[in-house]
Amino acid sequence: MNDLGAGFGYLMKGQRWVLGHGRWFGFGLLPGLITLVVYAGALVGLGYGADDFVAWATPFADGWSSPWLGLLRTTLTALVFVFGLFLAVITFTAVTLLVGQPFYESLSEEVERSEGGEGGEVHESGLPLWRELWISARDSVRILLRVALFGIALFACGFIPVVGQTVVPAIGICVSGYFLAEELTGVALQRRGLHLKKRLGLLRTRRLLVLGFGVPLALSFLVPFVAVFLMPGAVAGATLLARELVDPAGSGDTAAPKEWAV
């Protein structure tokens, strides 16, 4: 259970770091602001169109009497919006990281530079920007496919009485938090030459640490505009978390093991 608290601690350390480095905080806000405008428009559109979509998808219920017709479609409309919000929380980070790759790469490097380690050397991928963007986009799609499978399963479980209204949302937040942490730590871990498969394996070794970082962040991201202001600190905190994952003993050797190198 100590790892849960430690994970939350890294989230707080990241926020404190950017607040203490105001220039980097402002620098890291730009990608989130751009993505927020796009996502806000999409969610507003979903809010207006969800009921029409549900009515189109359930023609078999057109002849049902009140209150069953309204109850069915109101419940399904709510589930569609919740599912859309769930995907928005997950994809927001992926899209923002893709849009802000150069911004967050520089921010993450500055965090490592300020923290020291390996004689003050900062890891660099050595890849051109287009290659880094391609790897980030490819890995994000792979993550989103995994999330979509979880989302479909959770959406189906949402129809189970009681469990669908209590256990399922809690699991959904944990899934969101876990993959949020993967996306964010990927900025620092990708520079160390770690493939997505290896990164996921690394996160599995410290699940509670990862959930302690990701779950509070996922909950915070549900509040409008909060995600934008937390993203710079989340990237900074994830960089510190990545250092812990690759160097749990704190020896200062945060290089990727040779067998994991690209």
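Good morning. A search of the whole structure finds 0 disulfides.

Two cysteines deserve a remark. C157 is partly exposed, with a relative accessibility of 31%. C174 likewise counts as partly exposed, at a relative accessible area of 34%. In general terms, a disulfide is a covalent bond between the sulfur atoms of two cysteines.

Next, confidence. The mean pLDDT of the protein chain is 80, and 86% of the residues score at least 70. Where does confidence reach its highest and lowest values in the protein chain? Helix 1, residues 2–19, is highest, at 91, while helix 5, residues 129–157, is lowest, with a mean of 75. Separately, the pLDDT falls below 50 over residues 255–262, yet this stretch makes 13 contacts in the model beyond near neighbours in sequence. Where pLDDT is low, predicted coordinates should not be read in detail.

I turn now to the packing. The largest nonpolar core has 51 residues, and those touching the most other members are F92, L107, L184, F213, F221 and M231. Helix 9 supplies the largest share of this core, 12 residues. Another core lies apart from it and has 5 residues, including A50, V54, L79 and V80. As background, nonpolar side chains in soluble globular proteins tend to be buried together.

Let us consider L184 in particular. Setting aside residues up to four places away in sequence, L184 touches T93, L97, F213, L217, M231, A234, V235 and A238.

Two residues of that list, F213 and L217, are among the buried residues of helix 8. Helix 8 itself covers residues 207–221, 15 residues in total, and spans 20 Å from its first C-alpha to its last, close to the 21 Å expected at 1.5 Å a residue.

Finally, A238, which belongs to helix 9, residues 226–246. Is A238 buried or exposed? A238 has a relative accessible area of 0%, and because buried means under 20%, this residue counts as buried. Which residues does A238 contact, leaving aside neighbours within four places in sequence? They are L184, T185 and F213. A further relation concerns V187: its C-alpha atom is separated from that of A238 by 8.3 Å, although the two residues are 51 apart along the chain.

That concludes my presentation. Thank you.

Notes: Residues are numbered from 1 along each chain as its sequence is written. Side-chain values use heavy atoms; hydrogens and water are left out. Helices (H or I, at least four residues) and strands (E, at least two) are DSSP runs, numbered from the N terminus. Buried means under 20% relative accessible area, exposed over 50%, partly exposed in between (1.4 Å probe, protein chains only). Contact means heavy atoms within 4.5 Å. A disulfide is a pair of cysteine sulfur atoms within 2.5 Å. The expected span of a helix is 1.5 Å times one less than its number of residues. pLDDT is the predictor's confidence in each residue, from 0 to 100. A nonpolar core is a set of buried Ala, Val, Leu, Ile, Met, Phe, Trp, Tyr and Cys residues joined through side-chain atoms within 4.5 Å.
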